[in-house]
Amino acid sequence: SKMVYYFGKTKTDGNAKQRELLGGKGANLADMTSIGLPVPPGFTCTTECCDQYYKQGRKLPKGLMDQVHKAVKLLEKENGKKFGSNTDPLLMSVRSGAAQSMPGMMDTVLNLGLNDQAVVGLANATGNERFAYDSYRRLLNMYGDVVMGVDHHAFEAEFDKIKAEQGVDLDTDVDTAGLIKLCGLYKKVIKKHTGQNFPQDPMKQLEMGITAVFSSWMVPRAIRYRQINEMTGLLGTAVNVQTMVYGNMGDDCGTGVAFTRNPSTGANKFYGEFLVNSQGEDVVAGIRTPLPCESMPKWKAPNNKTIGKQMHAELMKMKGILEKHYKDVQDIEFTIERGKLFMLQTRNGKRTGAAAVKIACDMVKEKLITEKTAVKRIPANDLTQLLLPSFDPKAKKSASPLTVGLPASPGASFGALAFTAEEAVERTHAGERVLLVRQETSPEDVDGMHSADGILTSTGGMTSHAAVVARGWGKCCVAGAGEIQIDAKAGKIKVAGKTYGRKDVLSIDGTTGEVFAGEMDTVSPKLSGDFATVMKWADKYRKLAVRTNADSPADSKRARDFGAEGIGLCRTEHMFFEGDRITAMREMILAETEGDRKKALKKLLPYQRKDFVGIFTAMKGLPVTVRLLDPPLHEFVPHDAKGQKEVAKALGISPAKVKARVAMLHEANPMLGHRGCRLSITYPEILTMQVTAIVEAAIACKKKRVEAKPEIMIPLVGTKAELALLRAKAEETIADVLAAKKFKGKLDITIGTMIEIPRAALTADEVAEEADFFSFGTNDLTQMTFGYSRDDVNSFLPDYIGHEILEKDPFQSLDTTGVGQLVAMGVAKGRSTKKKLKVGICGEHGGDPASIQFCHDTGLDYVSCSPFRVPIARLAAAQAAL
Ligand code: PEP
Ligand code: MG
């Protein structure tokens, strides 16, 4: 089978559509070659080879190296140079590239083909000895590290010694003699750490390099990155073998990385950095601080060499070509070799939520993309970033920053200082809010970066590892704050003449790069401009209605501002915990007779009524689904002696009585216990009180000319009979209240149920006879379908995800294959009884884009989610419809 895809002037086997097979990088290298862009020729070993490599116990698939040899021959012909030649050698790089990008997570080796003879040949052929040995020391270092497993620091230590000997700070200031010496030392390092010599055979180097890249697919950091980013179902990485071009030939050369637009803000301005006289990952690794591409036309080395205006103009031309071709922002890697620009990579640029929105709107205006494409392209979850608070401008005015770094990833973040990735993980788990403070981050740190509230680095540019990864996640990051001196061992930083340690809190503004002492106040975001435009487009295309889960007037109002079209779940139990209410609630629970219970419920009634008036008013005539009390009663009473004593005192009864009652309420499986509609079956007076409050509140609103549209929802129903009984009770209560209040107007109150017990879904045709609407409670439905306790699932869920038994947490994203069948069945059976039955979802899944797609496909009428997720749900619903 075909395992190697060539790209070059001779021929190009692959194309842009073959991402799965060639990886994103390989597919785009083929594509760029096809449209005539200056790409050094090379070939891609497919992701299928990687899959085979692991299936055969980490062995390269048979026949791969034969195909590689053929491709190398072709490359030699095209370049007019021989791989392994001692006079004018052809050098090659190997780089990883999976179907989805994983920046910096896997391995790269440059300058393959050099050895003790070839380096002399390269020096002679180019007349540039320093460059030849700079290339060789890079190969020895990368090959030693990536292929032979020698710790990178062992090489660093030798380099530092040479720099000290020569009295210089920068790698570029080390002279030729120093680099020659360094190559000798590096070979000794390899021998010392592995007992083996650096292989002089170029073909062996290439084979081992390819093997190493395949192996890097399974290094822990790469696995972790895929977990965090929920990347599943990939075959592996491809390996791209490519002719080397040289950015390290002198001060008229360099390499750079750039985005065709600003990936933080979305501004339509070329946004890149370059490093003079450098190669490969130097820019990203933050070894020297790169220069912005704008400075290219003016920049001059002390020796008067320059990269020049022309190269800058060509880069700008490249921006236009790439954006027109890919119709999206591109993230590129380029090398300039003595007046020639080469493209080494292009991919769609990762961007913040704010940038995604701005870029999509701008590109519609520029007629690069359509409105529909714009809607489809913005990752719905990333809107969260736009809804997050920023620092209060007033608070900022009165504070002066300790220092200003680069605004690497927008947002406002504060936390106590953590100095290593592990520390950040541990302290976050322990419930602390931390900032990860590092000189620079590396792919090893992703776990800690993910845990931390924000990231602060002292070196590295806008395209450094920390910046790129943080932007991808929408996490606040300030990079390259060079005035900060970090002593990670001591757990201290020094800045602006002050010292801060683990207990101290700093605030960082990722939009401006400012760093402040202490915790700064934040303000809510504005929902206008491009954001509003995108929401308008989303509303135009979506079919699902979007409601919210809210149980206070404040949350209701916020959700309406975010565009909620009603409340899909008002959890009334939340109202019982506040202030004096909890005392009345406890009195009700502890009551021994129905009479006493009713007396206590009477005290609760006005509270409930007031809450409902507040919520109905905030929702201004939009429907409000009120769910009757759901949790088991023991949740409302204290379980410790001290608490029980206080309750006893407040209610004027003996502590022993409280203790006895609490013991009676104890359940081994409370989630499967005396809760939901079961409470109202045992204590119908609870239902009566709640329904009374709802109806009285609706009447009170009507009298104030506030439209109120309550919908009564009965939880945890498993049989038609349960619902029938409680429905009758509710209808009776409604009639009683209307009569008592002598209300003559129209009150249209519907009564429906949640479908959250598998039996209810299985018998939904029967249940529908008693229900005006269904709302899927997928939290409980997931619990009961899997048989996983909602409360205790985290004791084993991480192992299940780790072993890929489950792709993702089924409590966050609906298990469409299993639980989804019950949902689909519930909808179909329900509507077989009532054709127009209104059906929604109010479990956590109602705010999850993948689950929303399923809800759309299954024909639900609405989804309901927490207020902050409403915009996400609106966008996801549109994406589901397109
Ligand atoms: C559900 O079970 O999905 C639901 C919305 O109800 P709760 O989470 O309150 O049990
Ligand atoms: Mg539930």
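Colleague: Which residue in β22 does K494 stand opposite?
Modeller: In this predicted model, K494 stands opposite T499 in β22.

Colleague: And how do β21 and β22 pair there?
Modeller: Strand β21, which covers residues 492-495, pairs with β22 in the antiparallel sense, and the pairing runs over four bridges.

Colleague: What is the strand order in that sheet?
Modeller: The order is β20-β21-β22, in an open sheet of three strands with antiparallel pairing.

Colleague: Why is one side of β20 and of β22 left without a neighbour in the sheet?
Modeller: Both β20 (485-487) and β22 (498-501) stand at the edges and have a single partner strand each, so one side of each is left without a neighbour in the sheet.

Colleague: Changing topic, what does the domain assignment give for the protein?
Modeller: The assignment gives domain 1 as 69-242, domain 2 as 254-348 and domain 3 as 389-523, while domain 4 is put together from 542-571, 605-632 and 679-881.

Colleague: How many residues of domain 2 are in contact with domain 3?
Modeller: Nine residues of domain 2 are in contact with 13 residues of domain 3. On the side of domain 2 that touches domain 3, the residues divide into five nonpolar, three polar and one charged. The centres of domain 2 and domain 3, taken over C-alpha atoms, are separated by 27 Å.

Colleague: What does UniProt list for the AMP/ATP-binding domain?
Modeller: The entry, which is unreviewed, lists residues 20-57, 60-290 and 303-367 under "domain: Pyruvate phosphate dikinase AMP/ATP-binding".

Colleague: How much helix and strand is there over 20-57?
Modeller: Over residues 20-57 the chain is 63% helix and 11% strand, with the end C-alpha atoms 22 Å apart. For residues 303-367 the values are 48% helix and 23% strand, and there the end C-alpha atoms are 46 Å apart.

Colleague: Now the ligand: which residues are around ligand 1?
Modeller: The residues around ligand 1 are L569, R571, D630, E756, G777, T778, N779, D780, C842 and G843.

Definitions and conventions. Residues are numbered from 1 along each chain as its sequence is written. Chains are lettered from A and ligands numbered from 1 in the order in which they are written. This is a predicted model: local features need pLDDT of at least 70, side-chain atom pairs count only at pLDDT 80 or more; totals for chains, interfaces and linings use all residues. Domain bounds come from an automatic or database domain assignment. Two residues are in contact if their C-beta atoms, placed from the backbone, lie within 7 Å. Ala, Val, Leu, Ile, Met, Phe, Trp, Tyr, Cys and Pro count as nonpolar, Asp, Glu, Lys and Arg as charged, and the others, Gly among them, as polar. Two strands pair if DSSP finds at least two bridges between them. Helices (H or I, at least four residues) and strands (E, at least two) are DSSP runs, numbered from the N terminus. UniProt positions are given in the numbering used here, feature names are shortened, and annotations may be inferred rather than shown by experiment. A residue is near a molecule or strand if its C-beta atom, placed from the backbone, lies within 6 Å of it.
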